[in-house]
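Biologist: I am new to reading protein models, and I would like to learn how one goes from the overall fold to the details. Could you take me through this one step by step?

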Amino acid sequence: MSTHSVDSLAFDCLAFEPTHLPGAVALSQQAQWPHRLEDWALALSLSQGVVAVAAPGSDGARVVGTALMTPYGEDAATINMVIVDESMRGRGLGRRLMDEVMALAGSRPLRLIATRDGLPLYEKLGFREVGTVVQHQGPAEPVPQPVTEDVAPADAAALPSLIAASLTALDRHAFGADRSALFTRLAEVARFALLRRNGAVVGFAALRDFGRGKVIGPVVAPDADGAKALIAFFLAAHPGGFLRVDTTVDTGLGPWLAERGLRHVGGGIAMRRPAPQPAPTDTPATPVMTYALASQALG
Ligand SMILES: CC(C)(COP(=O)(O)OP(=O)(O)OC[C@H]1O[C@@H](n2cnc3c(N)ncnc32)[C@H](O)[C@@H]1OP(=O)(O)O)[C@@H](O)C(=O)NCCC(=O)NCCS
């Protein structure tokens, strides 16, 4: 990639490398996002991306823009961590970064979670709204686990085979794309809880360090009762701990989370490009649904 000038801004557009991570963390802190270096590193390890670096002479080698493209096989990709330094906004840099990462995605259908800042840009690029993400977080208030559900921690040693045998397939039903690479990474950094019915694993939840505390997600379950039982398992394990759950309005979990100390603090607009076609009315319902995202970046 090479030096560019957009609206009199001079910057280099470069492939996003691990050496850019500290600059990216500074940029996300400026935008008041909670991501730690480790959170950026996890996203980058699953992605390709671009950074805009202020051209030497103007402002050293400061990272002034970022964007990642996370491919899930050939089925889908998410565009995420799109940030422009606040002193350089409104001059075309955001669009430039989007052009670069969208090109990296090739022909994959794209997904993203838009902030209010990003919405106009994404609409201009052909993304269409498909849902609303709600972010809940706070000190967890433990709740008794429903006795009617069988939720237990996954044995860490058995996790890789469990992921290969069933968790990736459950997630694929819910998400609509193969996220094996994500699950291989999560196996290294997350704890998993499993929901069993009639002896079979029918849902799961993951918990990992993120931002100010820990995040519960993905949560994949056959119904809301199963999802609540999985989340309740981790709430009970972390009384008073700062926990975060990113869910969607259509799961109906928001009020239940708020009652358990995880207040609604924000969210975003789920968008896709191209807009998905409505499913034929005779399409069978999927056996599971995503009740919490891995993160707003990763879907
Ligand atoms: C979102 C963000 C990356 C945009 O970067 P930017 O450099 O300001 O964007 P651009 O200058 O390239 O503007 C892109 C387009 O959006 C339009 N746009 C930007 N803000 C707009 C607004 N409030 N209303 C209408 N249009 C707007 C611009 O006119 C431009 O359109 P054009 O290319 O047809 O002229 C930047 O605001 C940002 O970093 N925000 C904080 C982090 C964030 O929320 N990121 C989005 C994550 S989903």
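Biologist: How many helices and strands are there in the chain?

Modeller: In this predicted model, the chain has 8 helices and 14 strands. Its radius of gyration is 20 Å, close to the 19 Å that the globule rule gives for 299 residues, so the chain is as compact as a globular protein of that length. Along the principal axes, the C-alpha atoms fill a box of roughly 65 × 45 × 35 Å.

Biologist: What share of the residues in the chain is buried?

Modeller: Buried residues account for 43% of the 299. In soluble globular proteins, nonpolar side chains tend to be buried together. Here the largest nonpolar core holds 89 residues, and among those with the most contacts inside it are Phe204, Leu230 and Ile231. Helix 7, residues 224–237, gives the most to this core, with 8 residues, while domain 1 (3–108) and domain 2 (135–292) each supply at least three.

Biologist: Which residues does Ile231 touch, not counting those up to four places away in sequence?

Modeller: Leaving those neighbours aside, Ile231 touches Ala205, Ile216, Val219 and Val245.

Biologist: Which residues come nearest to the ligand?

Modeller: Of the 18 residues around the ligand, the nearest are Arg89, Gly94, Thr115, Gly118 and Pro120. Strand 5 (76–84), helix 3 (93–104) and helix 4 (119–124) are the elements that give two or more residues to this shell.

Biologist: How do the residues of that shell divide into nonpolar, polar and charged?

Modeller: The shell around the ligand has 8 nonpolar residues, 5 polar and 5 charged.

How values were computed
Residues numbered from 1 in each chain as written. Predicted model: local features only at pLDDT ≥ 70, side-chain atom pairs only at ≥ 80, totals over all residues. Core = buried A, V, L, I, M, F, W, Y, C linked by C-beta atoms within 7 Å. Buried ≥ 20, exposed ≤ 12 C-beta atoms within 10 Å, placed from the backbone. Helix = DSSP H or I, 4+ residues; strand = E, 2+ residues; numbered from the N terminus. Domains from an automatic or database assignment. Contact = placed C-beta atoms within 7 Å. Rg over C-alpha atoms; globule rule 2.2 N^0.38 Å. Near = placed C-beta within 6 Å. Nonpolar A, V, L, I, M, F, W, Y, C, P; charged D, E, K, R; others polar.
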